[in-house]
Amino acid sequence: MKRFILSIAVIILISISIFIQLFIGTSHELGLATVQASEQNRPCPRYGGVLVIGRTDDSATLNPLLTIDDASFMVANQIFNSLIERAFVDGQLGYKGDLAEEWNMSPDGMTLYFKLVRNATWHDGYPLTAEDVKFTLELYLKESLPQSAFFRVIDHVETPDNYTVIIKLKQPSPTFVPLALAFWRNHMIIPKHLYEGTNITTNPYNLKPIGSGPFKFVEWKKGDYILLERNENYFKAGLPCLDKIIFKVFPNTEAMLKALSTGEVGAVTLVPEPNLEEVKSMPGVKLFPIFTGLGLVLYIGINTQKYPLNIKEVRQALNYAINKEEIIKLALGNVGRPQRGIFSSELGPFHDPTVGYDYDPDKANQILDSLGFKRGPDGIRVTPNGTRLSFRLFFTAGDLPRMRASEIVKEQFKKIGVEIIPQSYDWPTLKEMITVKYDFDLVWFGHATGPDPDRLYVYYHGSQIYPGSWNYIRYNNSEVNRLWDLSRTIVDQNKRAEIFRQIERIVMEDAPVIPVQERVLYAAYREEFQGFPPGPYWYANHLETIWWTKGSIRSPAEARSLILNASNILTKVSSMIPGDILDKIRSLIEQANQSYREGNYDRAYELASQALSQIESATKTPTPTPLTTPTEIIKTPTPTEKVSEKPGPDYTLLIAITVIVIIVIALTSYVIMRRRR
Amino acid sequence: MGLARYFVKRILFSIPLILIIITINFILVHIAPGDPLSYIVGTEYVSPEYLQKLRSEYGLDRPLWERYFIYISKVLQLDLGISYRFREPVINIILERLPATLLLMLVSIGWSSAVGILIGVRAAKGYGRASDKLASTLASISVSIPTFWLGIILIIVFGVMLRLTPTQGMLSPNFMGARQLTPEMMIDILWHLILPTLTLGTVYLGTYIRSVRSLLVDELGKEYILFAHAKGLGSSYILWRYAFRAVSPSIIALLGLNLGTMLAGATLTETVFAWPGMGRLIYESAIARDYPVILGIFIFIAISVVLTNLIVDMINAILDPRVRY
């Protein structure tokens, strides 16, 4: 029996060590690249630190051209750059150069000029030039990519020199810049030297991307985390502030928020509406709105081809019967605003604020009465041909806010004699039911316009009705189609705004949807990190200016250049310094390097300057007596002592584990001994 | 000779078994509603040409039977295909998750079986007495306690309130991306392992206590034990050398059963603790309709179950000659 227990213990121990070893696997080589010493620009208050960002979805790909979802875009945006990006310019929503230093559009709207920065390099050291930009833009035209449709208006791309890009369009396009170049989906530039002549979908660099952005890719454990680290050669001087960013995937919101409250993560990508109060009450945690000007609208889509929902008056009655304020207050986190039309108020002149329906159940009842829909014995109306007004209201499984909202809609519709049966499916099933089989009555849905309402073309234009398309409500109004086509030929924004206001009025008269909420989404961060929000839409902004309050005041470049300086001088004068002092100085420099690697730049700087002053004093004193100098060195508080001051929770842990193991072994042997007796 | 023939026979029987399992899984996975592309696309607008390209790239435009034969022929060439979601070979994705799952499962099964056997033996020895009742109560609690609830309670008490242990994941941020395993990193992993393994092991514990106890109680009531007592052998000697040895094949079978399903991971525990194991991979892949990954994992699990059963049978065949025929 003793042998039995012993062998089990040994097997377990061996297997643990083997599998931990396996888990580590091979990984990236951390090396120190050289940094220009002349860097004086200091855009960050402090440098260093590791930001762990919690999220519930993993990226699907890191190739920005194949990216579709927010989770993928957010990571790709740290690794790559785009020509221009949407940003706050003097507090206003506008555009800012990223790779482009200057840009402008010709008066006829047919030509766009971009002048690129000259010091941008890829993470593998190659320079980023106009050729890379041309190559990327042409890929959109040549290949079928998720965002290709927005680039079809490009005629060709010219590169007169290495740092100038000229885009010629086929026709003036009001939507090219906002939708193709710098939507919340920035189109990012990929390296020609790694992608030319390869299959873009299977290129191995999709999984270990080489970009030009503030952070370099290190490691991706699928479904667990993505690790990025500072790009020391980033073309924006003095950026980024952080050393590392880790995107960590959590299986659910609750787990993610628990980690936020304990400080295991520094920020989360999204706080769902029901959790807003909980996060607000966490000490040291702050909420911030994820986007500005996204135009995200939550609505209930209606199957406009299914009796009796194909009757316009029925859809209008449903619109009258919805109390949006109540739903927002009770179910949707009490944030955002009631939504009246299909376009968000963030679109300004493109949206007509008077459009839509007020809450008026009496009017809804009147309409339904006039249609001859009489209430049955259970209070639910019945159409003249015997169909009960009973509709299924779909939402995605696990979507708590929509589930609660459905219950409120159910109560509100009961007042007008309409029955609602809330039902949920997982997303692939739901999508198939509504967009392919059209087997639905009502469904919770949302769409976003970004900076231009044209984005909703695929939701409301009659030409977009086919299986799998987003016009799943199958709305087709010839007047809307005509106006929308017209808007695409006009560049004058005032005229376009007028057309879109008219479109919105017609659509809301037809009422193929029930608008409910203009959404505001929140994310959260811990106060150790500053610089939130990094831009108008944080899934599409570089996180280069976010900084850690416990970081170093010295920048990594400063520390690095001082260390290089010290070691250069040391090699020159090493013959003049006695061996024991030389060793001491070498170890100081080594420690400075170590601190640099650990991300403690203040300490690295301090150690390097100590090394420098020791070199100085050693070379100045002609022949230092071997007795005094070493003792002096011992007297000065050497860095090694300071390092050992660092509290070592790992040691207490080791001791704790050892004690536990000893207790377990002692108990086991005691039990076995007793059996012997 | 008989032994070798028995082994060969068993191995040959396993092959069609695995093929049948693959077929059933293939059908099950594909009759579930939903299109794999709808997860990839989400609620975004994607040009129809790109969708068409993906569909033909993944072979989703072919009829199901054709896809089945392509899949089988690929599996026979040891190619599990490419994940729809990550566009990476399925085998890489599975192997990346395997160590975490094995670590969690081995440690959990290890401690729970060791402790469970000890408590079970103790209970059987003191049959009907206080220690037996205590053990039975413990077993009942451990079997009936919901995993996710226990996990959450442990997180709240040790992670959030006492701040003693990390609540999530397997590795602290500063060890991510490390090139080699340092002692500090091993301690960090073990530290992350404590709560999940406590949770998962508790679930197994009750099973071991109950089985060992009932097996031993039966065995101790047999006449040869009475005879051994009459011979004047010590009760500990009888318990371990006679009774325990007699029931050990059943215990090994139980261990084998648990170890065989080990690769499947523990979805609930892994989800509560954000443990990057196979259980979560199965769940995520099912949500995403990532057919190649789901099927790949099923094949892995099937093979491991079949193999462990094979090994258990072989051990039993060596221990007990009656099995061979």
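This report walks through some sheets, hairpins and helix pairs in chains A and B of a predicted model.

A few ground rules: local features need pLDDT of at least 70 and side-chain atom pairs count only at pLDDT 80 or more, while totals for chains, interfaces and linings use all residues. Residues are numbered from 1 along each chain as its sequence is written, with chains lettered from A and ligands numbered from 1 in the order in which they are written. Helices (H or I, at least four residues) and strands (E, at least two) are DSSP runs, numbered from the N terminus.

**A sheet in chain A**

Let's start with an open sheet of six strands in chain A, ordered E14-E20-E13-E19-E17-E18 with mixed pairing. Two strands count as paired if DSSP finds at least two bridges between them. At the edges sit E14 (337-338) and E18 (419-425), each pairing on one side only. Further in, E17 (residues 390-396) runs parallel to E19 (residues 442-448), and two bridges link this pair. Look for Leu393(A), whose bridge partner in E19(A) is Leu442(A).

Two helices pack here. H11 (residues 400-414) of chain A lies across E17, E18 and E19, at about 165° to E18(A). H12 (residues 427-436) of chain A touches E17, E18 and E19 as well, and its direction makes about 140° with that of E17(A). Contact here means that the C-beta atoms of two residues, placed from the backbone, lie within 7 Å.

**A hairpin in chain A**

Now for E8 (residues 215-221) of chain A, a mostly covered strand with five of its seven residues buried. Buried means 20 or more other C-beta atoms within 10 Å of the residue's own, again placed from the backbone; exposed means 12 or fewer, and partly exposed is in between. E8(A) pairs antiparallel with E9 (residues 225-230) of chain A over six bridges, and Lys216(A) stands opposite Glu229(A) in E9(A). The two strands form a hairpin with three residues between them, and Gly223(A) in the turn has a positive phi of about 80°.

**Two helix pairs**

Axes are lines fitted to C-alpha atoms, for helices over the stretch in contact, and angles run from 0 to 180 degrees between N-to-C directions.

| Helix pair | Axes come within | Crossing angle |
|---|---|---|
| H16(A) and H17(A) | 10 Å | roughly 160° |
| H5(B) and H10(B) | 12 Å | roughly 145° |

The angle makes H16(A) roughly antiparallel to H17(A); the cut-offs are under 35 degrees for roughly parallel, over 145 for roughly antiparallel, 65 to 115 for roughly perpendicular, and oblique for the rest. H16(A) passes H17(A) in a left-handed crossing. A crossing is left-handed if the near helix is turned anticlockwise from the far one by less than a right angle, and right-handed if clockwise. Among the contact residues are Ile563(A) and Leu570(A) of H16(A), plus Ile589(A) and Tyr596(A) of H17(A).

In chain B, H5(B) and H10(B) cross in the right-handed sense. Their contact includes Ile117(B) and Lys125(B) of H5(B), along with Phe244(B) and Asn258(B) of H10(B).

**Chain B as a whole**

Chain B has 13 helices and zero strands. Its C-alpha atoms fill a box of roughly 85 × 60 × 40 Å, taken along the principal axes. Of its 325 residues, 40% are buried. Among contacts in chain B with a separation of 6 or more, 73% join residues 24 or more positions apart.
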